[in-house]
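Take a first look at the model below.

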There are 2 protein chains.
Amino acid sequence: MKISVFIATSLDGFIARQNGDIDWLVNAGDANDPEDYGYGAFIATVDCIVMGRNTFEKGLSFPEWPYAGKRVVVISRTLNTTPEHAAGKVELSAGPVEQLAAQLNSEGHGRIYIDGGKTVQSFLRAGLVTDMTLTRIPILIGNGLPLFGELREDIHLNHIETKTFRSGFVQSRYEVRNAQITAVR
Amino acid sequence: MKISVFIATSLDGFIARQNGDIDWLVNAGDANDPEDYGYGAFIATVDCIVMGRNTFEKGLSFPEWPYAGKRVVVISRTLNTTPEHAAGKVELSAGPVEQLAAQLNSEGHGRIYIDGGKTVQSFLRAGLVTDMTLTRIPILIGNGLPLFGELREDIHLNHIETKTFRSGFVQSRYEVRNAQITAVR
């Protein structure tokens with residue numbers, strides 16, 4: 001099972017401003033440009049999405065539920081029941097991520113998409129991420145919600161490929177060396 | 001006058017571990033690989049190097065002074081006199097960076113190389129950096145000395161080019177939009 005990250009950050013490593021705003025990201029692209037930066041091809045390979053409560057609530061705020069057709073697991077230690085308007089859309093998990101990964105693997109999933117800063121950090125700290133596609137937006141925003149956080153030890157990556165786009169976005173794909181997910185195969 | 005940054009960071013944005021160690025950077029390359037990641041070509045275009053006290057002291061710790069043949073300015077609010085063993089190698093400046101940049105420009109320099117995290121941050125905050133070459137090492141180290149810091153406002157960049165290397169290093173060159181250096185031309 002692959003456990004994948006696919007996310008954009010500012011050049012200084014933030015996924016959103018402190019208040020969650022991604023105006024800098026939305027405005028960095030050209031609204032008329034049909035370029036999707038590989039998201040469509042990526043999401044077509046994904047059969048389950050794992051996210052934290054913040055990303056989940058952001059998803060609920062969109063006019064349409066953006067994860068339709070995919071199994072979605074929300075990791076939260078505070079949510080006990082799925083909010084009514086999200087009924088049938090998501091499952092809740094209290095973690096820990098090692099247990100969740102083992103469960104999803106045993107249920108036959110091929111590729112899990114990990115979304116949101118804290119969730120990505122939890123999976124990385126547990127050595128559970130197998131690959132990351134990082135898109136760097138050509139802007140420095142100074143502060144905000146960081147993609148990466150503290151680790152127990154260095155994580156070595158293999159660079160697979162890098163693509164550049166007319167918008168100035170630079171997208172690099174990495175595989176994590178020695179991902180622990182082999183343990184739950 | 002160009003004011004340029006040329007620096008390597010971990011994928012999570014650190015230029016060194018908390019104690020200054022760059023073992024993760026040194027070990028990431030192949031010691032037998034003659035690849036210099038464009039440093040030779042870059043430094044040949046530079047006629048003055050500006051750094052902070054930490055980078056200066058790191059430079060003094062090498063067997064040979066690594067900046068021989070270049071004018072070096074060390075920004076420090078605590079150093080009043082050049083240490084004896086660095087006599088003739090560097091000049092001191094107490095800042096502010098706006099004044100230093102204006103002075104160096106009036107003295108006819110073509111390209112200044114800004115080295116060290118805090119110094120890069122000061123010049124960026126003042127809108128004085130014109131271009132940055134950032135080399136991403138394929139490793140996450142979790143914490144350390146960050147390249148970037150707080151800003152007064154967003155800084156927009158134009159992506160110029162990205163190169164990838166066999167070692168997995170990914171090097172992107174950016175120009176800063178609306179750099180204030182035009183004001184001191």
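Nine strands make up an open sheet of mixed pairing, in the order S5(A)-S4(A)-S3(A)-S6(A)-S1(A)-S7(A)-S11(A)-S10(A)-S8(B). Strand S5 (91-93) of chain A and strand S8 (139-140) of chain B stand at its edges; each has a single partner strand, so one side of each is left without a neighbour in the sheet. Helices (H or I, at least four residues) and strands (E, at least two) are DSSP runs, numbered from the N terminus. Two strands pair if DSSP finds at least two bridges between them.

This is a predicted model: local features need pLDDT of at least 70, side-chain atom pairs count only at pLDDT 80 or more, and totals for chains, interfaces and linings use all residues. Residues are numbered from 1 along each chain as its sequence is written, chains are lettered from A and ligands numbered from 1 in the order in which they are written, and side-chain values use heavy atoms, with hydrogens and water left out.

Strand S1 (residues 2-10) and strand S7 (residues 131-137) of chain A are parallel partners, joined by seven bridges. In this pairing A:Ala8 has A:Thr135 of S7(A) as its bridge partner. Helix H4 (residues 97-106) of chain A packs on the sheet. H4 touches S1, strand S3 (48-52), strand S4 (71-75), S5 and strand S6 (111-115) of chain A. Its direction makes about 165 degrees with that of S4(A). Contact means heavy atoms within 4.5 Å. Axes are lines fitted to C-alpha atoms, for helices over the stretch in contact, and angles run from 0 to 180 degrees between N-to-C directions.

How does chain B join this sheet? Strand S10 (residues 155-164) of chain A and S8(B) run antiparallel, with two bridges between them. There, A:His156 has B:Ile139 as its bridge partner.

**The sheet that ends in S8(A)**

Another open sheet of nine strands has the order S8(A)-S10(B)-S11(B)-S7(B)-S1(B)-S6(B)-S3(B)-S4(B)-S5(B), again with mixed pairing. Its edge strands are S8 (139-140) of chain A and S5 (91-93) of chain B, and each pairs on one side only. Strand S3 (residues 48-52) and strand S6 (residues 111-115) of chain B pair in the parallel sense over four bridges. B:Cys48 stands opposite B:Ile112 in S6(B).

| Helix | Touches | Angle |
|---|---|---|
| H3(B) (residues 53-61) | S3, S4 (71-75) and S6 of chain B | about 110 degrees with S3(B) |
| H5(B) (residues 117-125) | S8 of chain A; S1 (2-10), S3, S4, S6, S7 and S10 of chain B | about 125 degrees with S6(B) |

**Where the chains meet**

The contact takes 28 residues from chain A and 28 residues from chain B. About 2400 Å² is buried between the chains, and carbon and sulfur atoms give 61% of that area. Buried area is the accessible area (1.4 Å probe) that two parts lose on being put together, summed over both. In chain B, the residues that lose the most area to chain A are B:Leu11, B:Leu140 and B:Asp154, together 25% of what that side buries.

Which polar links cross the interface? The rule finds 10 residue pairs in polar contact, both at pLDDT 80 or more. A polar contact is a pair of N or O atoms within 3.5 Å; within protein, one must be able to donate a hydrogen and the other to accept it, and residues adjacent in sequence count only if both atoms are side-chain atoms. S10(B) gives six residues, the largest share of the side of chain B that touches chain A. That side divides into 14 nonpolar, nine polar and five charged residues. Ala, Val, Leu, Ile, Met, Phe, Trp, Tyr, Cys and Pro count as nonpolar, Asp, Glu, Lys and Arg as charged, and the others, Gly among them, as polar.

Two salt bridges also cross the interface. A salt bridge is a side-chain nitrogen of Lys or Arg within 4 Å of a carboxyl oxygen of Asp or Glu. B:Arg17 meets A:Asp154 (2.8 Å, N to O). A:Arg17 meets B:Asp154 (2.8 Å, N to O).

**Backbone details**

A cis peptide bond joins A:Gly95 and A:Pro96, with omega about -5 degrees. A:Pro96 lies in the loop between S5 and H4 of chain A. The bond from B:Gly95 to B:Pro96 is cis too, with omega near -5 degrees.
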